[in-house]
Amino acid sequence: MEGIDGNEKRLSSIHNPKETPFFDATSLNGSPHHDVEKSGVEHGTTVQLQRRLQSRHLQMIAIGGTIGTGLFIGSGGALATAGPAGALIAYAFVGTLVYSVMVALGEMATFIPVSGAFTVYAARFVDKSLGFAMGWIYWFSWAITFALELSACGLIIQYWSPGLNIGIFIGTFWVLITGLNFLPVSFYGEVEFWFASIKVLTVVGFLIFGICINAGAGSQGYIGFKYWNNPGAFAEYLVEGNAPLAKFVGFWAVMIQAGFSYQGTELVGIAAGETANPRKNVPRAIKQTFYRILIFFVLTILFIGILIPYDNENLLSDTTDAASSPFTIAAQLAGVNTLPDIINAILLTVVLSAANSNVYSGSRILVGLANEGSAPAFLRRTTASGVPWCAVIFTSIFGLLAFLNESSSGGEVFNWLVNITGVAGFISWTCIGISHICFMRALRAQGIPRNELPYQALWQPFFSWYGIVFNIIIILTQGFTSFMPWDVASFFTAYVRLLLFVVLYVGHKIICKTKFVDPAKADLWSGRKEVEEMEIEEAAPKGLVGRVLHWLG
C-alpha cells in the first residue's frame, strides 16, 4: 500500500476489521485496518487526500482564515472597549501567542504532514482522549460557524434589499459553498487565494487611505494622535471609581476578543496533509504568513485608533453589515460617503471565504478523527479526485441550522449553539502547545535530535510553555464579565463550551480506558514515508521579480 511504511504495516496487521469497535481503546493505532482502495484514507497517511495545494494557496489560506469579520467589524468594538492604545497592545500581545502556536504546529506538521493535523498529533503524542475531545469540539466550532456565516451573508445582502427574506440567501449560499467543497482541493485553494487577495488588497488600501487622511487629506484636516489625547489612549470598561483597574479590564476584554480574531491561523496545519512538497511549503507559509498577519492586524488597529475616537457611537452597533465597520466609520468621518457599498461588497466576499474555509477545515478534521478511530470509518471515503465527500456532507448539513434564524425561538437556540463554539480556538491552541511539548519528549526518548527536523521551532520548549500558560489563563478568564456583576446566565454561556470539552475528554477516557502515551512508544513514523519519497528540490529564485514571486508563494 503506497505511503505506508513497514512500521505502520506491522501495526495495522494485528487488527480485525470485524472486531474493532467504533472507539477502539485497545488497538495500537486506534483504528481498524482496511484496504486503502475500499476505505478511502488509511491511518496516518494522505494517500487519497491528494496533495494539490501549492505554496501560494497555503499562505493565502492562512491569511484568509484569519482576516475576516473579526478585523473588518469586530475591531471597532475592540476600540470602543479598550481605547486605541489598549486595543493595539492587546492585538500585539495575542499575536505573540499565535506565533508560539504556529511555530510549534509547523515543527510537527513538516515532520508528519497528515490529514487531521493537530488532532492526530494530540492522539499520537499525548492521549487518544485528548485528540478525540479536541477534534470534536474544533469540528463543532467550524460546523456551527458555517451556519453563522450563512446567516451573515443574508444580513449583508439585506443592507441593499431590506425586504428580502434571509432564508433565500442562506439556501443559495449553502448550495454554492457545499458544491465548491465537492471540487478537487486545488479549486478550494484557488478560490481561497482570490478571496484572500481581496482581503489583503482591502487592508492595504485602508492603510494607504489612513496615511492620507491622517496627513490631512480628509475633511478633518491633519489628525495626528489627537484622539489619543481626547478622549484618550485607554478606555474605561465596566469598573467605576477606579480608572486604572477599569482600563486594565478593558485591555483584558479586548485581548480575549483579539484571540477570536486571530483564530483560523492554524488552518495551515489542516491543509498540510494536502500540500505539495509540505516540507518546503509549510515552513515557508508559517514564517511568512505570521509576519503578514501581524502587520495587517497591528497596523490596521493602529490606524483605526488614529482615525476614530473610541467614544464614537457607531462603533457599538450590533449589525454585521458595512454600517458597523470601522473602515466605513473612518471614511464617513473623513467626508468620504461612497465607501459603505464597497465595504459591504467586500464583507460579502469575506464571509463567503470564511464559510468556504469552515466546510473545508471541518471535513478534514473529521477525516483525521476517522483515521484515529474517533469517528465513523465511512467519513474517510473519498472521490476519485481525493475529496472526502462523506465528511463534506456531514459538515455542511450543520449549515442548515442557519434557518433557525427564521423564527425568534429558533434564533435563541442558534445563539446558544454559537456561544458553545466561542472558546474552541483557544482550546485547540492549548492542545497544540501540549502536543508539541510531548512531541519533543518523544523525539528525545527515541533518540531523534531536533536539528534533524525539516523545520525547527524557535525558543523551545519555553515558547510553547509560554503559549500554553497564557492560553489557559484566557480560557479560564474569558467569561469574567459574568462576575461584574454576577449573572448566572452569562456565566453558563461563557463556560459551557469548556465544560463540553471536559465532558468529551473525561467521558472518552472512562469509556475507552485510554492511557497517556509513553514518549518512547509514540508513533513518529506513520505517514512519513510518503512525504520523504515525494520531496521536490526547488530552484532558487533569480532576479528581483523572481524573489518577489517567491515571497508571494
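Which residue forms a salt bridge with Asp127? The residue is Lys509, and the closest N and O atoms of the two are 2.7 Å apart. This report returns to that pair after an overview of the chain. The model is predicted.

## The chain as a whole

The secondary structure of the protein chain consists of 22 helices and zero strands. The chain has 553 residues, and 60% of them are buried. Its accessible surface is about 21400 Å², with 66% of that area belonging to carbon and sulfur atoms.

Among contacts with a separation of 6 or more, 80% are between residues 24 or more positions apart.

## Salt bridges

The structure holds three salt bridges. In the pair of Lys509 and Asp127, Lys509 is in helix α20, while Asp127 is in the loop between α6 and α7. These two residues are 382 residues apart in the chain. Asp127 counts as buried because its relative accessible area is 0%, and the cut-off for buried is under 20%.

Another salt bridge joins Glu107 and Arg450, with the closest N and O atoms 2.4 Å apart. Glu107 belongs to helix α5 (residues 74–111), and Arg450 to the loop between α18 and α19, so the pair links parts of the chain 343 residues apart. Glu107 is buried, at 0% relative accessibility. Arg450 is partly exposed, with a relative accessible area of 23%.

Asp523 and Arg124 also form a salt bridge, and here the closest N and O atoms are 4.0 Å apart. Asp523 is in the loop between α20 and α21, Arg124 is in helix α6, and 399 residues separate them. Both ends are buried: Asp523 has 13% relative accessibility, and Arg124 has a relative accessible area of 5%.

## Helix α6

Helix α6 covers residues 118–125. Eight of its eight residues are buried, so the helix is largely enclosed by the rest of the structure. The buried residues include Phe118, Tyr121, Arg124 and Phe125.

## Aromatic pairs

A search of the whole structure finds 31 aromatic pairs. Phe118 is in helix α6 and Tyr138 is in helix α7 (residues 128–158), 20 residues apart. Both Phe118 and Tyr138 are buried.

Ring pairs also link a cluster made of Phe93, Tyr99, Trp459, Phe463, Tyr466 and Phe470.

## Thr430 in helix α18

Thr430 is found in helix α18, which spans residues 424–445. Is this residue buried or exposed? Thr430 is buried because its relative accessible area is 6%, under the 20% cut-off.

A polar atom of the Thr430 side chain lies 2.9 Å from the backbone oxygen of Phe426. Apart from neighbours within four places in sequence, Thr430 is in contact with Ile468, Asn471, Ile472 and Ile475.

## A nonpolar surface patch

Phe182, Trp389, Ile393, Ile397, Leu400 and Phe403 make a nonpolar surface patch of about 470 Å². Leu400, one of these residues, is in the loop between α16 (389–397) and α17 (408–421). Leu400 counts as partly exposed because its relative accessible area is 36%, which falls between the cut-offs of 20% and 50%.

Terms used:
Residues numbered from 1 in each chain as written. Predicted model: local features only at pLDDT ≥ 70, side-chain atom pairs only at ≥ 80, totals over all residues. Heavy atoms only, no water. Helix = DSSP H or I, 4+ residues; strand = E, 2+ residues; numbered from the N terminus. Buried < 20%, exposed > 50% of the residue type's maximum accessible area, 1.4 Å probe, protein only. Contact = heavy atoms within 4.5 Å. Areas by Shrake-Rupley, 256 points an atom, 1.4 Å probe, with all protein chains shown as cover. Polar contact = N/O pair within 3.5 Å; in protein donor to acceptor, adjacent residues only side chain to side chain. Patch = residues over 30% accessible without salt bridge, like charges linked within 9 Å, V, L, I, M, F, W, Y side chains within 5 Å. Salt bridge = Lys/Arg side-chain N within 4 Å of Asp/Glu carboxyl O. Phe/Tyr/Trp six-rings, centres within 6.5 Å; stacked < 30°, edge-to-face > 60°.
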